[in-house]
Amino acid sequence: MKSYALQQLGGEQIKSEFPVAYAVLSKVQRLDSRALAVTNGNDSSSDIYAEIESAFLSSHGFNILMRAAIAGKPKILFVVAEIFELESGKRVDAIHRYYEDSAYNEIRIQSNNSHTMAAASEGVRIKSTFSWSIDGVSTKEITREYTLPKGDSRGAEMFTELSISAPRAKDGKLTQVLYDREEQVSEHTDYHYTNTVDRYKKVAHVKLPYSGKIRVDDKLHIRSVMKNPGEEPTLSLILENGKSIQYQNPKGIIGQYVISPNEKELNWNFDVDWCADLDFSNFSVQTVVNLSAKFTLSIIHEDYPGYALHPVITVDSVLNPQTNVSTVAEIERIQIKWGCVAADTLIKMSDGSCQRASEIQIGEVVATDHGHSVVRNIYKGTEKTIVHLETMDGHILRGTHEHPVKTGRGYMPMKEINAADLICTENGNSQVKYIYEIGYGDAVYSFDLSESSAMLCGGIWAGDFAMQNGSACNQSADGPKERSALQKEMYELVSKADMNT
């Protein structure tokens, strides 16, 4: 079976010129259009999120927002968005996008094609096919569809208000959510939840608000939130590591959208408990998630009671919220934080004593994983933000994002450590209790040792200057890579397709 991507890129004609891409795109597994691949872990996340999240017509063109989050960081991701006239089924436009080595992609498409804009004003159907390869041998593919009825392009005539009150960011940039920790002086918090972390199961219980309001024009009446197959309302959180979480509270989704007695307003204030768990491995120094909600309304006009309008309402977290159309609400992205602030880092010396990093002098001898080593040079700098790491056995390290720390996965930069990692301390291996980034604005120190080694920093094994600026972290972390033969061929194929468009 050949993939849809292969059909779009030339089919059999590319076999001789692009043999690697042809072989991978020819071996495809098509996933059910409504299915998600659920992980085998102990949390509630899914491995695949691929959706058309919103579509609308503006003065600048016809706009489509799609999102793809695929765990495993696909080597290639090819997305084709086709636009069809709703009544005739005629295809009026096809637009594609291509990505490499990316688990998360926010895909914005704007078409200024006059035929597309004319079709959108009368109603269109969008069909998007996502094709990707993780192993570089075969392809997986899923197709999503989205209908934009004629009424949606006249949003100003339908809605007088679409507002989202939560989750929202006080600073208008990034919504800050704290799980099981107190706000520090250097930070602001939008939402704070306790009793979210289950250390026995190594999961965090997802909590987040979702509330808003819609009001329709005087002659319109909201009759229902539709629940027909393909129109069921959805509410999800999408992580940048390729995982996604669905709202699973027993109260459901439809039941929490409330229509006012006069049918002029729709209000919602969802239970903050999503009844879903995320494994600790999903939480790192900066865990950013994106909310996506979609629902379809049935609306009646007083003058035409036999004709129902079915606008699709979408709410999306995006990098730069700006869209202001009546059926699409863009809100800020969401950062989930957990962790604590520690005191100055203590360095263990060769005699067993500990000194603050700021007090150590050139020529002094520190304890290392090879015994001991002389401090040959000291590099001092200033960092606006640093990472705070605390283990379950009470050891604390404050360091820069790139500072290598010894873990069960090898030496990892502090920014890549997650809550599921085992940290190597002077007592053995210990679980992460907190890991967190804060504002700092003070001095940081790096020690160049006579024999490059790991040092005990706050009781945690961490690399010296040479390890931080060398290849220690490349033992486990992904470093710069050459593009594979598949990626090179796909890039050439897509570039060729762009020239022929």
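This note walks through a predicted model of one protein chain, point by point.

1. **Overall make-up.** The chain has 501 residues, and buried residues make up 53% of them. Its secondary structure consists of six helices and 37 strands. Among contacts with a separation of 6 or more, 67% are between residues 24 or more positions apart.

2. **Confidence.** The average pLDDT of the chain is 85. A score of at least 70 is reached by 89% of the residues. Two stretches need care. Over residues 339-343, pLDDT stays under 50. The model has 16 contacts beyond four places in sequence for that stretch. Over residues 471-480, pLDDT again stays under 50. Here too the model has 16 contacts beyond four places in sequence. Where pLDDT is low, the predicted coordinates should not be read in detail.

3. **The largest nonpolar core.** This core holds 47 residues. Which members touch the most others? They are Y210, W274, L291, F295 and L297. Strand 21, residues 287-301, gives the most to the core, with six residues. In soluble globular proteins, nonpolar side chains tend to be buried together.

4. **A second core.** A separate core of 27 residues is also present. Its members include I64, V92, I107 and W132.

5. **Y210 and its contacts.** Take Y210, and leave aside its neighbours within four places in sequence. Its contacts include A166, P167, L235 and Y257. W268, N269 and F270 are also in contact with Y210.

6. **An aromatic cluster.** The whole structure contains 10 aromatic pairs. Ring pairs link Y210, Y247, Y257, W268, F270, W274 and F295 into a cluster. Two of these residues, Y210 and F295, were named above among those that touch the most other members of the largest core.

7. **The Y179–Y193 pair.** These two rings are edge-to-face. Their centres are 6.4 Å apart, with 70 degrees between the planes. Y179 lies in strand 10 (residues 174-179) and Y193 in strand 11 (residues 191-193), so the pair ties together parts 14 residues apart in sequence. Y179 is buried, at 2% relative accessibility. Y193 is buried as well, with a relative accessible area of 12%.

8. **The Y257–F295 pair.** The ring centres of Y257 and F295 are 4.4 Å apart, and the planes are at 40 degrees, so this pair is tilted. The pair links distant parts of the chain. Y257 is in strand 18 (residues 257-259) and F295 is in strand 21, 38 residues apart. Are the two residues buried or exposed? Both Y257 and F295 are buried.

9. **S298, also in strand 21.** S298 has its place in strand 21. Its relative accessible area is 11%, so S298 counts as buried. Beyond four places in sequence, S298 touches H221, I222, R223, S224 and M226, and also A308, L309 and H310.

10. **R333, a buried arginine.** R333 sits in strand 26, residues 333-337. The cut-off for buried is under 20% relative accessible area. R333 has 12% relative accessibility, so R333 counts as buried. What does R333 touch, not counting residues up to four places away in sequence? The list includes Y104, K173, L174, T175 and E240. V288, V289 and N290 are on it too, as are S317, V318 and L319.

11. **Helix 3, one side buried.** Helix 3 covers residues 114-122, and its buried residues are T116, A119 and A120. These cover an arc of only 100 degrees around the axis, which puts them on the same side of helix 3. An α-helix has 3.6 residues a turn, so residues three or four places apart point the same way.

12. **Helix 3, the two ends.** At the start of helix 3, a side-chain oxygen of N113 comes within 2.7 Å of the backbone nitrogen of H115. G123 follows the helix. The phi of G123 is positive, near 110 degrees.

13. **G352, a loop glycine.** G352 is in the loop between strand 27 (346-348) and strand 28 (354-356). Its relative accessibility is 42%, so G352 counts as partly exposed. V366 is 14 residues away from G352 along the chain. The C-alpha atoms of G352 and V366 are separated by 8.8 Å.

Conventions
Residues numbered from 1 in each chain as written. Predicted model: local features only at pLDDT ≥ 70, side-chain atom pairs only at ≥ 80, totals over all residues. Heavy atoms only, no water. Buried < 20%, exposed > 50% of the residue type's maximum accessible area, 1.4 Å probe, protein only. Helix = DSSP H or I, 4+ residues; strand = E, 2+ residues; numbered from the N terminus. Arc of directions from axis to C-beta. Polar contact = N/O pair within 3.5 Å; in protein donor to acceptor, adjacent residues only side chain to side chain. Core = buried A, V, L, I, M, F, W, Y, C linked by side-chain atoms within 4.5 Å. Contact = heavy atoms within 4.5 Å. pLDDT = per-residue confidence, 0-100. Phe/Tyr/Trp six-rings, centres within 6.5 Å; stacked < 30°, edge-to-face > 60°.
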